[in-house]
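Good morning, and thank you for coming.

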Amino acid sequence: MKVLVTNDDGVHSPGLWALVRALVPLGQVVVCAPDREQSAVGTSITLHVPVRARQVPSPVEGVPTWAVEGTPGDSVILALDHLLDHTIGLVVSGINDGSNLGHDALISGTVGAALQGYFHGLPALAISVTAIKNMRYDVAAPLAAQLVRLVLEGRLSQESFLSVNVPNVPAEEIQGVEITKLGRRSYRDTVAEGHDGKRTYYWIKRAEPDWRLEPGTDIYAIERKYISITPLHTDWTCGGQQPNLVGLVPALEAALRDEFEPSL
Ligand code: MN
């Protein structure tokens, strides 16, 4: 069984290779990742143009490495369904530069790649460090290796996949590990308009996120320098009992009767 390593920061990202180096002692590692930065593409896959991939030299001996001209999701699909002959047993995505907390998990390419592994029925995890400069992988990489070891021992349920966020601090400052749910944290996207001489263009820019510090959430864990492990699955359903939905069905049915059976 092989471990697929992928990411959304591109196949040359230092975080990916820190992860690979930590996993190599555990078994055969293969890399299939976008050839360039693909952060925030979420679960996007490419269906309307061909996807190209090529093998590239690996900085770590014995690790076959593919660079994909596509998204993280494309990379996982290519690896699982074609390039690696259905020998992958586990998908690990990261180590991402930047947190994937709260609502970010829903657009994260790092999480999107792990999600493709989950779609394929494989254990999968995404791992991110909560900083974008002065990155350190000396906690996240061995942590990923320990999680992979537990997966290989069959100790983690496959009913979910995991999004792991690691504070960007030395090991001695880490307070512990918490299993969390997604907190409420979303970026305020702003749009800046400009002109390139011919046409108008727009830059979507991300302002500082709005967030709420609620116990039990990934945000709360990270704020207190805990490692956050958020189990994710694909049931976004939140039930029909919210106050604003109670009464929707009879009201809608009444409206439809009026619409389609005006004579009754
Ligand atoms: Mn990224």
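Along the sequence, the donor residues of the manganese ion follow the spacing D-D-x29-S-x56-N. Donors here are N, O and S atoms within 2.8 Å of the metal (3.2 Å for Na, K and Ca), and since water is not among the atoms, sites may look incomplete. The ion is coordinated by D8 (OD), D9 (OD), S39 (OG) and N96 (OD1), at 2.1 to 2.3 Å. D8 sits in the loop between strand 1 (2-6) and helix 1 (14-23), and S39 in the loop between strand 2 (29-34) and strand 3 (53-55), so this pair ties together parts that are 31 residues apart in sequence. Helices (H or I, at least four residues) and strands (E, at least two) are DSSP runs, numbered from the N terminus.

Please note that this is a predicted model, in which local features need pLDDT of at least 70 and side-chain atom pairs count only at pLDDT 80 or more, while totals for chains, interfaces and linings use all residues. Residues are numbered from 1 along each chain as its sequence is written, and side-chain values use heavy atoms, with hydrogens and water left out.

Buried means under 20% relative accessible area, exposed over 50%, and partly exposed in between (1.4 Å probe, protein chains only).

I turn now to the helices. The axes of helix 2 (residues 72-83) and helix 3 (residues 109-119) come within 8 Å and cross at roughly 25°. Axes are lines fitted to C-alpha atoms, for helices over the stretch in contact, and angles run from 0 to 180 degrees between N-to-C directions. Helix 2 is therefore roughly parallel to helix 3; angles under 35 degrees count as roughly parallel, over 145 as roughly antiparallel, 65 to 115 as roughly perpendicular and the rest as oblique. The contact (heavy atoms within 4.5 Å) involves P72, G73, V76, I77 and L80 of helix 2, and G109, A113, Q116 and G117 of helix 3.

How many residues of helix 3 are buried? The number is 10 of the 11, so helix 3 is largely enclosed by the rest of the structure. Its buried residues are covered by elements including strand 1, helix 2 and strand 5 (88-97).

Finally, helix 1 and helix 4 (residues 140-152) pack at about 50°, with their axes 8 Å apart. This angle makes helix 1 oblique to helix 4.
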